[in-house]
Amino acid sequence: MESVTTQLGNRPERRSKMSRMRQRVAARLKESQNTAAMLTTFQEVDMGNFIEMRARHKDEFQKKHGVKLGFMSVFVKAATAALQEVPAINAYIDDEAKEIVYRDYCDVSVAVASPNGLVVPVLRNTEFMSFADVERTIALFGQKAKDGTLALDDMAGGTFTISNGGVFGSLMGTPIINQPQSAILGMHATKMRAVVDEKGNVVARPMMYLALTYDHRLIDGREGVTFLKSVADKITDPARLVFDI
């Protein structure tokens with residue numbers, strides 16, 4: 001057999017120093033993998049009703065509140081309500097004391113893009129925030145991230161995290177817990193898919209996959225699934241948020 005000679009072109013490599021933020025993120029993610037017994041459960045959610053509601057009211061919402069109505073506010077409010085229904089999701093393990101610490105407040109960390117990568121500022125006491133409060137605060141964090149003015153206090157703490165890989169087109173993923181939290185909710189891209197409705201008809205609906213990664217040392221499967229199903233139900237029927245059900 002004749003040998004084949006392949007002419008290779010230039011194969012350069014580049015090196016760059018890891019930023020302090022990237023080093024910190026890398027260390028925290030690895031710490032989380034080494035500490036938590038992570039398990040991910042999935043749920044699909046029909047975004048149709050919220051998309052329709054948003055289309056009807058987004059102009060009036062922006063005119064009144066001076067900020068656009070996006071997807072994050074409804075997910076923050078739905079997750080906050082579900083955290084109050086399933087307190088274990090909002091708790092954490094104090095390893096030194098061998099105790100479970102239950103927090104009766106909700107501080108939701110949200111991933112925001114910055115020139116140096118994703119940062120995770122914290123929305124404080126989301127149980128008292130309105131949709132407009134959530135959107136306004138996220139917009140402020142987004143601007144501060146772009147300007148490089150986010151302070152450490154903006155990112156400190158947090159009892160639960162929401163990550164939105166859908167803005168980059170992700171269809172499904174398994175997010176990593178942000179220690180010392182015990183769970184993280186992953187949002188993904190909304191895609192038109194064929195589903196069977198209540199009448200047995202096959203229809204096209206805007207569907208999103210949700211993922212909840214949780215620490216199985218603290219959170220049982222029943223609690224994890226109950227929480228995620230509650231979030232999905234509230235997004236599918238946003239009236240549940242209005243009527244607190």
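How many helices and strands does the secondary structure of the protein comprise? In this predicted model, in which local features need pLDDT of at least 70, side-chain atom pairs count only at pLDDT 80 or more, and totals for chains, interfaces and linings use all residues, the secondary structure comes to seven helices and 11 strands, where helices (H or I, at least four residues) and strands (E, at least two) are DSSP runs numbered from the N terminus. Residues are numbered from 1 along each chain as its sequence is written, and side-chain values use heavy atoms, with hydrogens and water left out.

The C-alpha trace spans about 75 × 55 × 40 Å along its principal axes, and 39% of the 245 residues count as buried (buried being under 20% relative accessible area, exposed over 50%, and partly exposed in between, with a 1.4 Å probe and protein chains only). Among contacts (heavy atoms within 4.5 Å) with a separation of 6 or more, 64% come from residues 24 or more positions apart.

Helix H1 covers residues 20-35, and its end C-alpha atoms lie 22 Å apart, which agrees with the 22 Å that its 16 residues should span at 1.5 Å a residue; the expected span is 1.5 Å times one less than the number of residues. The N-terminal end of H1 is capped by Ser 19, a side-chain oxygen of which lies 3.0 Å from the backbone nitrogen of Arg 22.

Thr 159 is placed in the loop between helix H5 (152-155) and strand E8 (160-164), and it counts as buried because its relative accessibility is 1%. Its side chain is joined to that of Asn 90 by a polar contact of 2.6 Å (a pair of N or O atoms within 3.5 Å; within protein, one must be able to donate a hydrogen and the other to accept it, and residues adjacent in sequence count only if both atoms are side-chain atoms). Leaving aside residues up to four places away in sequence, Thr 159 touches Ile 89, Asn 90, Arg 103, Tyr 105, Cys 106, Asp 107 and Gln 181.

Most residues other than glycine have a negative phi, and most peptide bonds are trans. A cis peptide bond, with omega about 5 degrees, joins Gln 179 and Pro 180, and Pro 180 lies in the loop between E8 and strand E9 (183-187). Lys 98, in the loop between strand E2 (92-94) and strand E3 (99-101), has a positive phi of about 55 degrees although it is not a glycine, and is exposed, with a relative accessible area of 71%. Asp 244, in the segment after helix H7 (239-243), likewise has a positive phi of about 55 degrees and counts as exposed at 68% relative accessibility.
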